[in-house]
Amino acid sequence: MRYDLAVQLGDDALILGHRLSEWCGHAPTLEIDLALANIGLDLLGQAQFFLALAGGSEGQGRDADTLAYRRTEDEFRNCLLVEQPNGDFARTIARQFLFSAWQELQFRALAAGSDKAIAEIAEKAVKEVTYHASFAADWVIRLGDGTAESHKRMAEGLDWCWRFTDELFSGAGAALRPEWDARVNAVLAEAGLHTPKPVRGITGGREGRHSEHLGHSLAEMQYLQRAFPDAVW
Amino acid sequence: MTAGLPLWEVFVRSKNGLSHRHVGSVHAAGARMAVQAARDVYTRRMEGVSLWVVPSAAITASDPADSAALFEPAEDKVYRHPTFYVVPDNIKHI
């Protein structure tokens, strides 16, 4: 039970952190480059804590690195949203906005939850995530309420990501939906953007059924540990 | 993209009790985003507890051509320096 939850939380953070690291050196400005890398590093730190907790509660000697670098994609439990390719800056912002708004709500709930080990990590991480959520929301507003081109790209980015949001609220997660909807809609209204039309959500990440993108991402992320197991430097 | 964005000067207060100190500048579309950019660029390693950003355009600078008239007269007025006082050991940041 704790293993399942900790792996989900850790994999979400690990995969999105890796995606954001792909922006390093490529972002539109130095300021955004550093901001995205900072967020990626925050997520990587969260992944380390959650995966270490997962490995410990599993009790089979797997540590955070083993879980991160030695599992195949069907063993990953991240949501599909975080593994989606970066696309342009607007799509990256859309993904971050939708995810961080959810992650903040989830961590606030977990911080008050009964599993003390998870609550401790969530309580520490929620400060970071609050910033991620506000950073992304500000950019959604800036791009949505910007030029015709930025508005178009922001709307396209949201459309691309929208079908992966249902998965965030599967099972017990459904309780977070009303507050998430309210937050997202408020930002979109301020940005002059329409809430995307309901689509049939794509799910499966939590069961290990991933899009083709995750495998490519893992190939890059895991290459070194696969080629040189236990390498250190 | 950076070229189209206004420049902001960044000031960081490294801890309570000290004054904000100029550390550099960032490009940002607005004041709120300038604070975020300054936070990400200049306080990632716990450098500060407070940030100011000021539009660079709002700063009026002295003219380098005037520096002789402005600054050099102070050079030979050593009696204006408080070097004749003994500063107690436990007074910091002077």
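Two residues pack against each other, or are in contact, when they have heavy atoms within 4.5 Å. With that in hand, welcome to a few close-up views of this predicted model.

**View 1. Helix 7 of chain A and its neighbours.** Helix 7 of chain A covers residues 148–162 and reaches 21 Å from its first C-alpha to its last, close to the 21 Å expected. Look for its buried residues: S150(A), M154(A), G157(A), L158(A), C161(A) and W162(A). Seen down the helix axis, these buried residues fall within an arc of 130 degrees, so they line one face of helix 7. They pack against helix 4 (80–83), helix 5 (89–111), helix 6 and helix 8 (177–191) of chain A.

**View 2. The largest nonpolar core.** This core has 82 residues, and F97(A), L98(A), F107(A), V140(A), M154(A) and W180(A) are those with the most contacts inside it. Helix 6 of chain A (residues 116–144) gives the most to the core, with 14 residues. Setting aside residues up to four places away in sequence, F107(A) touches several others, including L9(A), F50(A), A122(A) and V129(A).

View 3. Helix 1 of chain A runs over residues 2–21. Of its 20 residues, 14 are buried, so helix 1 is largely enclosed by the rest of the structure. Here you can find the side chains of R206(A) and D12(A) meeting in a salt bridge (3.0 Å, N to O). The pair links distant parts of the chain, 194 residues apart: R206(A) lies in the loop between helix 8 and helix 9 (212–227), and D12(A) in helix 1. R206(A) counts as buried at 12% relative accessibility, and D12(A) is buried too, with a relative accessible area of 1%.

**View 4. A salt bridge between R70(A) and D230(A).** The closest N and O atoms of this pair are 3.2 Å apart. R70(A) sits in the loop between helix 3 (64–69) and helix 4 of chain A, while D230(A) sits in the segment after helix 9, 160 residues apart. R70(A) counts as partly exposed at 31% relative accessibility, whereas D230(A) counts as exposed at 60%.

**View 5. Where chain B meets chain A.** Here 14 residues of chain B are in contact with 15 residues of chain A. The two chains bury about 1400 Å² between them, 55% of it on carbon and sulfur atoms. One salt bridge is found across this interface: R32(B) pairs with D138(A), their closest N and O atoms being 2.5 Å apart.

Notes
Residues numbered from 1 in each chain as written. Chains lettered and ligands numbered in written order. Predicted model: local features only at pLDDT ≥ 70, side-chain atom pairs only at ≥ 80, totals over all residues. Heavy atoms only, no water. Core = buried A, V, L, I, M, F, W, Y, C linked by side-chain atoms within 4.5 Å. Buried < 20%, exposed > 50% of the residue type's maximum accessible area, 1.4 Å probe, protein only. Helix = DSSP H or I, 4+ residues; strand = E, 2+ residues; numbered from the N terminus. Expected span 1.5 Å × (residues − 1). Arc of directions from axis to C-beta. Buried area = accessible area lost by both parts, 1.4 Å probe. Salt bridge = Lys/Arg side-chain N within 4 Å of Asp/Glu carboxyl O.
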